[in-house]
Amino acid sequence: FRSDTVGYRWSRIVQRNPWPAALLGLGILVVLTIPVFSLRLGFSDEGNYPTDTSTRRAYDLLASGFGPGFNGPLLVVAELGDKADVAGEVTATLSSQDGVAGVVPIAPPGSPLAMWQIFPTTSPQDAATENLVHRLRDDVLDPIEQARGVDLPLTGIVASNIDFAGYIARRLPIFFGAVLALSFLLLMAVFRSLLVPLKAVVMNLLSIGAAYGVVVAIFQWGWAKELVGIGEGGPIEAWAPMMMFAIVFGLSMDYEVFLLSRMREEFDRSGDNARAVADGLATTARVISAAAAIMVFVFGSFILEADRPIKLFGVGLATAVFLDATVVRMILVPATMELLGDRNWWIPAWLDRLLPRIDVEGKHHVHTIKIGRAHV
């Protein structure tokens with residue numbers, strides 16, 4: 001019984017003041033999560049580089065000379081065939097739209113295709129450009145397609161990035177829901193409890209949400225951007241939330257199983273929930289802290305890279321691991337386990353019979369060898 005360790009003494013402090021500790025930990029995570037509500041997925045460009053780089057200076061020169069939309073033109077491609085008169089209508093209609101700085105018709109020699117290059121009045125990563133793409137497709141080009149019987153797809157790098165970001169955004173809830181549901185079922189089978197897996201899923205979700213909030217504040221809002229070496233704020237890379245969630249959730253669940261396994265083992269032995277929580281934290285605190293410190297330094301080193309997406313990924317992962325190992329494991333877990341008491345390990349009998357038996361520690365076979373009068 002490790003009553004002399006820092007982890008044990010800290011656990012007892014939290015257990016003597018469970019409500020203030022729980023509210024403090026929850027408050028930290030909720031405040032850090034608030035920026036997530038303004039999350040905008042997309043892709044950064046050269047405009048997000050620091051102002052002292054040649055890449056950013058070239059970007060700014062093009063934007064000041066030809067307009068911000070020159071750095072990300074849109075493209076409409078059509079095969080008109082015998083409906084060549086549609087070309088003039090498309091050019092005139094596109095040119096008259098708000099948010100369009102100019103339209104350049106392109107007729108490749110000897111090709112049946114007609115193309116139009118559209119220069120928005122806003123930069124490629126501006127939210128107004130995304131709105132323009134949707135408006136041109138739905139309200140401008142679609143009526144012409146319906147009336148004249150031609151296909152006028154709007155494409156280009158900027159439009160493709162917008163489409164990909166929208167595709168990812170629509171599927172993120174499905175991805176999150178599937179991972180959370182499967183994790184809940186697995187933890188319920190392992191620990192034979194309803195509240196422990198539910199609490200674990202909610203806490204891990206909060207720590208990841210807080211990491212997302214820090215990423216949004218720095219890379220989208222531009223707070224403390226000089227500290228990580230980026231230029232202007234911009235949208236969050238569309239792939240980043242999904243990748244961060246998968247990696248961080250796996251790491252945090254690893255900590256969770258490691259910590260709760262020790263608590264469950266002590267509870268099964270003593271039947272004392274408070275003692276199980278303190279002993280579990282005392283036994284695992286050093287290992288969790290050391291592993292978290294290594295990962296925080298490794299992920300934090302990504303900030304030294306020049307590319308903004310790599311910096312963003314590193315900041316998000318380092319923040320999530322740090323919050324998970326400190327606020328969640330050291331404050332919220334002992335506080336909530338103390339508040340719930342023996343209810344932590346309750347599960348309906350009928351559900352206990354239905355769930356498969358999973359022994360995370362493995363089966364231990366003890367062999368007794370008789371040596372004289374002694375048994376080994």
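**Reading a predicted model: sheet, helices and cores**

Analyst: Val76 of strand β2 (74-79) stands opposite Leu154 in β5. The model is predicted, with local features needing pLDDT of at least 70 and side-chain atom pairs pLDDT 80 or more, while totals for chains, interfaces and linings use all residues. Residues are numbered from 1 along each chain as its sequence is written, and side-chain values use heavy atoms, without hydrogens and water.

User: In what order do the 4 strands of the open sheet stand?

Analyst: Strands of a sheet pair through backbone hydrogen bonds, either parallel or antiparallel. Here the order is β3-β4-β2-β5, and the pairing is antiparallel. Strands (E, at least two residues) and helices (H or I, at least four) are DSSP runs numbered from the N terminus, and two strands pair if DSSP finds at least two bridges between them. The edges are β3 (100-106) and β5 (154-155), each of which pairs on one side only.

User: How many bridges join each pair of strands, β3 to β4, β2 to β4 and β2 to β5?

Analyst: Between β3 and β4 (residues 113-120) there are 6 bridges, and Ile106 has Met115 as its bridge partner in β4. β2 and β4 are also paired over 6 bridges, with Ala78 opposite Ala114. The antiparallel pair of β2 and β5 has 2 bridges.

User: Which helix lies across β2, β3 and β4?

Analyst: That is helix α4 (residues 86-95), running at about 5 degrees to β4. On β2, the covered face holds Leu74, Val76 and Ala78, whereas Leu75, Val77 and Glu79 form the uncovered one.

User: At what angle do the axes of α5 and α6 cross?

Analyst: Two packed helices are described by the angle between their axes and the distance between the axes. The axes of α5 (residues 127-148) and α6 (residues 157-191) come within 10 Å and cross at roughly 95 degrees. This makes α5 roughly perpendicular to α6, a term for angles of 65 to 115 degrees. Axes are lines fitted to C-alpha atoms, for helices over the stretch in contact, and angles run from 0 to 180 degrees between N-to-C directions. Thr129, Glu130, Val133, His134 and Arg137 of α5 meet Val158, Ala159, Ile162 and Asp163 of α6, where contact means heavy atoms within 4.5 Å. The residues of this contact comprise 4 nonpolar, 2 polar and 3 charged; Asp, Glu, Lys and Arg count as charged, Ala, Val, Leu, Ile, Met, Phe, Trp, Tyr, Cys and Pro as nonpolar, and the others, Gly among them, as polar.

User: Which residues have the most contacts inside the largest nonpolar core?

Analyst: A nonpolar core is a set of buried Ala, Val, Leu, Ile, Met, Phe, Trp, Tyr and Cys residues joined through side-chain atoms within 4.5 Å. The largest has 61 residues, and Phe219, Ile236, Met263 and Met337 have the most contacts inside it. Elements giving two or more residues to this core include α6, α7 (195-220) and α9 (240-270), and its largest share, 15 residues, comes from α11. A separate core of 24 residues includes Leu74, Val90, Val103 and Leu132.

User: Is Arg192 buried or exposed?

Analyst: Arg192 is buried, its relative accessible area being 9%; buried means under 20%, exposed over 50% and partly exposed in between (1.4 Å probe, protein chains only). Arg192 belongs to the loop between α6 and α7 and has a positive phi of about 50 degrees although it is not a glycine. Ala224, in the loop between α7 and α8 (225-228), has a positive phi of about 55 degrees and is partly exposed at 38%.

How values were computed:
Parallel < 35°, antiparallel > 145°, perpendicular 65-115°, else oblique.
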